[in-house]
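Here is a short tour of one protein chain. Look over the sequence and the fold before reading on.

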Amino acid sequence: MKRAAAEIIAELGPFDGVSTVHGVTYDGQKIWFAAGAELIAITPEDGTKTKTLAAEADAGTAFDGTYFYQIADNRINKIDPETGAVLATIPAPGPGNGAVSGMAWAEGSLWVGQYRDRKIHKINPETGKILRTITSDRFVTGITWVEDELWHGTWENEQSDIRHIDATDGTVLARIDMPDGMGVSGMEFDGKDRFFCGGGNSGTVRVVRKNT
């Protein structure tokens, strides 16, 4: 297994009125993060706020190239990125009440983390049906894909890392260890060489180099 210490390129925020950063996604130009009652867009260069959408946004966020998908307790809402309107709703895996965490879009499916159950589910975005389940050995937070590589954040016992896992059996292939006191809530890859990582109750988004 490859292992490296995280290189924190930048720390964006904290942001006025934001107590916690939950899910994180990227539309190719702006970072979007879930902040409880809002989806907020910021620039990756300096964290300037550019747009805010009212939304129930208490966990993972994903973008399919056209629409946002946002975990809202025991549901996943499909959201119009222009207006914030909820276009469709499917059930989230698990019992609700904070059971689900990160989320990503890949291969025409949603990949949804169950935090304390240490699981990642591939689900049908139209029905919510679970298509595959991968088990981790740590609490699962944010999820993202790096081309054909599945990566997820962990945060357990005040320790956090970003890890590349085998998408079939969950074997850990690489780890980027975050510094003490820096947790990863949501996360998204920028398509080049950076992860955008939610910093939980720090109220920040950290930019971490993919350096394994």
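## Terms and basis

Buried means under 20% relative accessible area, exposed means over 50%, and partly exposed lies in between (1.4 Å probe, protein chains only). This is a predicted model, in which local features need pLDDT of at least 70, side-chain atom pairs count only at pLDDT 80 or more, and totals for chains, interfaces and linings use all residues. Residues are numbered from 1 along each chain as its sequence is written, and side-chain values use heavy atoms, with hydrogens and water left out.

## Ile 8

Ile 8 is partly exposed, because its relative accessible area is 27%. Ile 8 belongs to strand S2, residues 8–12. Strands (E, at least two residues) are DSSP runs, numbered from the N terminus.

Which residues does Ile 8 touch, leaving out those up to four places away in sequence? Contact means heavy atoms within 4.5 Å. The partners are Met 178, Pro 179, Met 182, Arg 206, Val 207 and Val 208. Ile 120 sits 112 residues from Ile 8 along the chain, and their C-alpha atoms are separated by 26 Å.

## Salt bridges

Side chains of opposite charge can pair when their charged atoms come close. A salt bridge is a side-chain nitrogen of Lys or Arg within 4 Å of a carboxyl oxygen of Asp or Glu. The whole structure has 15 salt bridges.

One of them joins Lys 122 and Glu 107, with the closest N and O atoms 3.7 Å apart. This pair links distant parts of the chain, 15 residues apart. Lys 122 is in strand S13 (residues 119–123), while Glu 107 is in the loop between strand S11 (100–106) and strand S12 (109–114). Lys 122 counts as buried because its relative accessibility is 14%. Glu 107 counts as exposed because its value is 58%.

Arg 163 bridges to Asp 161, and here the closest N and O atoms are 3.0 Å apart. Arg 163 has 3% relative accessibility, so it counts as buried. Asp 161 has 2%, so it counts as buried.

Asp 193 and Arg 209 form another salt bridge, their closest N and O atoms being 3.5 Å apart. Asp 193 lies in the loop between strand S19 (187–189) and strand S20 (194–198), and Arg 209 in strand S21 (residues 205–209), so the pair ties together parts that are 16 residues apart in sequence. Asp 193 is partly exposed at 33% relative accessible area. Arg 209 is partly exposed at 28%. Elsewhere, salt bridges that share partners join Arg 3, Asp 137, Asp 161, Arg 163, Arg 175 and Asp 177 into one network.

## Aromatic pairs

Rings of Phe, Tyr and Trp (its six-membered ring) pair if their centres lie within 6.5 Å; planes under 30 degrees apart count as stacked, over 60 as edge-to-face and the rest as tilted. The structure contains nine aromatic pairs. Why is the pair of Tyr 115 and Phe 139 called tilted? Their planes meet at 50°, so the pair is tilted, and the ring centres are 4.9 Å apart. Tyr 115 sits in the loop between S12 and S13, and Phe 139 in the loop between strand S14 (130–135) and strand S15 (140–146), 24 residues apart. Tyr 115 is partly exposed at 22% relative accessible area. Phe 139 counts as buried at 12% relative accessibility.

Trp 151 and Phe 195 have ring centres 5.2 Å apart and planes at 45°, so this pair is tilted. Trp 151 lies in strand S16 (residues 149–156) and Phe 195 in strand S20, so the pair ties together parts that are 44 residues apart in sequence. Trp 151 and Phe 195 are both buried. Ring pairs also link Trp 32, Phe 63 and Phe 68 into a cluster.

## His 121

His 121 lies in strand S13. Buried or exposed? His 121 is buried, because its relative accessible area is 5%. Its contacts, not counting residues up to four places away in sequence, include Pro 93, Trp 111, Gln 114 and Arg 132.

Two strands pair if DSSP finds at least two bridges between them. Four strands form an open sheet in the order S3-S4-S5-S6, with antiparallel pairing. Strand S3 (24–26) and strand S6 (49–57) are the edge strands, and each pairs on one side only.

Within this sheet, strand S4 (residues 31–34) and strand S5 (residues 36–42) run antiparallel, joined by four bridges. Phe 33 has Ile 40 as its bridge partner in S5.
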